[in-house]
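User: I should like to learn how to read the features of a protein model. Please take me through them one at a time.

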Amino acid sequence: MELALAPETLARWQFGITTVYHFLFVPLTISLSALTAGLQTAWVRTGNEKYLRATKFWGKLFLINIAMGVVTGIVQEFQFGMNWSDYSRFVGDVFGAPLAFEALIAFFFESTFIGLWIFGWDKLPKKIHLATIWMVAIGTVLSAFFILAANSWMQHPVGYRMNHATGRAELTDFLAVLTQNTALAQAFHTLTAAFLTGGAFMVGISAFHLLRKKHIRVMRTSLRLGLVTMVVAGLLTAVSGDQLGKVMFKQQPMKMAAAEALWNGRAPAPFSVFAYGDVQKGHNTVAVEIPGLLSFLADDSFSSFVPGINDVNKAEQQRFGPGDYRPNIPVTFWGFRWMIGFGMSSFALGLAGLWLTRRKFMLPAPLRTGEDEMPHLVPFRRPLGARTGVWFWRLAVWTLGFPLIANSWGWIFTEMGRQPWVVYGVLRTRNAVSPGVSEGEVLTSLIVFTLLYAVLAFIEVRLLAKYVKAGPPELTDDDLNPPTRIGGDRDADRPMAFSY
């Protein structure tokens, strides 16, 4: 019971719950802002109303997600002072720098242009208003990058020195923190996964409306955009994941070994499809493996030596002193597989959907120009396509959450695979918790935050369901005729009309 109620354990649970919950909104915010900007660009270039309706529809869902992301992100950062004050004191000079840039540059930059985009529809010219949503999209990427740079420093600390007089880490090279290969690889992988998430989100909701044969023009366009995004982002996620894995092999060999339940070093090292064993004794009793594949994934050679869990544990004991430097092996092993499995399932769905829609099997089409919502007059193009389409789009609706699950398990793997370090090789997790916070205080805040987030989840789901079900809005004359100059009057800006 003492272990279960230890402040370190409770603080880790609280941070894990709030972080995973917060990151449900981050990838959607990053991807939906860019996808909405792309749709608005298509409207400005073509004048086609379907792009404007799509922009307003997906833009509204984006705004719901970013509002929830801001709220949950602020709560998450408060925990550095609440439960992890020793961590903040030890690395605040280093860790605080990218967080400050995220707040002062990215966050305020992003927030300013969001306000202009929300309230500028009837006050800004088309192209200037379009520029505001692109600035928002750039801001979300900058915000994510600074946060990922801070996290990457925890995975691979660079650009600092230890001040032994004060017992603190001090920043010496901020550029090194931002540009180290860990930060670049992690940012690449996270951003591509974000677009895989946004593409699946768009495909799932589009499929929901196509099954009901509603808002067909807008949803066909959204469907194709979502499918292309899923396929391209899925490929890039695999490429970036491979690059990140090679960085991890060099910098965190324990995490690589734990991800594969590789207990003893081997050359060549196999990739584990399935493994079951005894963690205490340090060996597998059942293992389904692909020979040599792990060596190739880790070091681009099918014959490279990959150290095992037992090897790395002994090496770290010699380097850092007595102790157990192994992470939670079952969580790390299966978290890695859930991440890959759910992520690549989304990519496969996108690839199948892109091929099937190319063959015209499943895209419902209006019979005449102008028809959009007449279910009894909008058949599927082929009988076989109709049967296939119903099952495929039902699957697409349910699998819109697959990338969200993959993202969550990816972060669980990333953070738990680093244990027992909060800053790898520098500061142990048990030495980072607040010394003056009792078990009861941490438990109380854990319960309160969890209940609060449950309420926020209910609100989020209700809001999304409400606006998703409502579909794209109908357009007014004001929507179609924005002012031609900043602050211009609509009626004065329009060409004079004559009647005869």
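User: Does F101 count as buried, partly exposed or exposed, and what is the relative accessibility behind that?

Analyst: Please note at the outset that this model is predicted. Buried means under 20% relative accessible area and exposed over 50%, with partly exposed in between. F101 has a relative accessibility of 34%, so it counts as partly exposed.

User: How is a pair of aromatic rings described, and what pair does F101 form with F174?

Analyst: In general, a pair of aromatic rings is described by the distance of the centres and the angle of the planes. The structure holds 22 aromatic pairs. In one of them, F101 and F174 lie 5.0 Å apart from centre to centre, with 40 degrees between the planes, and the pair is tilted. This pair links distant parts of the chain, for F101 belongs to helix 4 and F174 to helix 6 (residues 174-179), 73 residues apart. Together with F145 and F146, these two residues form one aromatic cluster.

User: How are the rings of Y87 and F95 arranged?

Analyst: The centres of the rings of Y87 and F95 are 5.4 Å apart and their planes stand at 75 degrees, so this pair is edge-to-face. Both Y87 and F95 are buried.

User: Over which rings does the charged end of R337 sit?

Analyst: One is the ring of F333, whose centre is 3.8 Å from the charged end of R337. The other is the ring of F271, at 5.5 Å from its centre.

User: What is the idea behind a salt bridge, and how many salt bridges are found in the whole structure?

Analyst: Side chains of opposite charge can pair when their charged atoms come close. A search of the whole structure finds 9 salt bridges. Among them is the one between R168 and D93, with 3.1 Å from N to O. R168 lies in strand 2 (residues 168-171) and D93 in helix 4 (residues 85-119), so the pair ties together parts that are 75 residues apart in sequence. Both partners are partly exposed: R168 has a relative accessible area of 27%, and D93 has one of 36%.

User: Which residue forms a salt bridge with D300?

Analyst: The partner of D300 is K246, and their closest N and O atoms are 3.2 Å apart. D300 lies in the loop between helix 10 and helix 11, while K246 lies in helix 8 (residues 216-251), so the pair ties together parts 54 residues apart in sequence. K246 counts as buried, at 14% relative accessibility. Salt bridges that share partners join D242, K246 and D300 into one network.

User: How far apart are the end C-alpha atoms of helix 7, and what span should one expect?

Analyst: The calculation uses 1.5 Å a residue, so the 32 residues of helix 7 (residues 181-212) should span 46 Å; the end C-alpha atoms are 47 Å apart, which agrees. Helix 7 is mostly covered, as 24 of its 32 residues are buried. After helix 7 comes K213, with a positive phi near 55 degrees.

User: In which direction do strand 3 and strand 4 run, and how many bridges join them?

Analyst: In a regular strand the side chains alternate between the two faces of the sheet. Strand 3 (residues 271-278) and strand 4 (residues 283-290) run antiparallel and are joined by 7 bridges. S272 stands opposite E289 in strand 4. The hairpin of strand 3 and strand 4 has 4 residues between the strands, and in this hairpin G282 takes a positive phi near 75 degrees.

Methods. Residues numbered from 1 in each chain as written. Predicted model: local features only at pLDDT ≥ 70, side-chain atom pairs only at ≥ 80, totals over all residues. Heavy atoms only, no water. Helix = DSSP H or I, 4+ residues; strand = E, 2+ residues; numbered from the N terminus. Expected span 1.5 Å × (residues − 1). Buried < 20%, exposed > 50% of the residue type's maximum accessible area, 1.4 Å probe, protein only. Pairing = 2+ DSSP bridges. Salt bridge = Lys/Arg side-chain N within 4 Å of Asp/Glu carboxyl O. Phe/Tyr/Trp six-rings, centres within 6.5 Å; stacked < 30°, edge-to-face > 60°. Lys NZ or Arg CZ within 6 Å of the ring centre and 35° of its normal.
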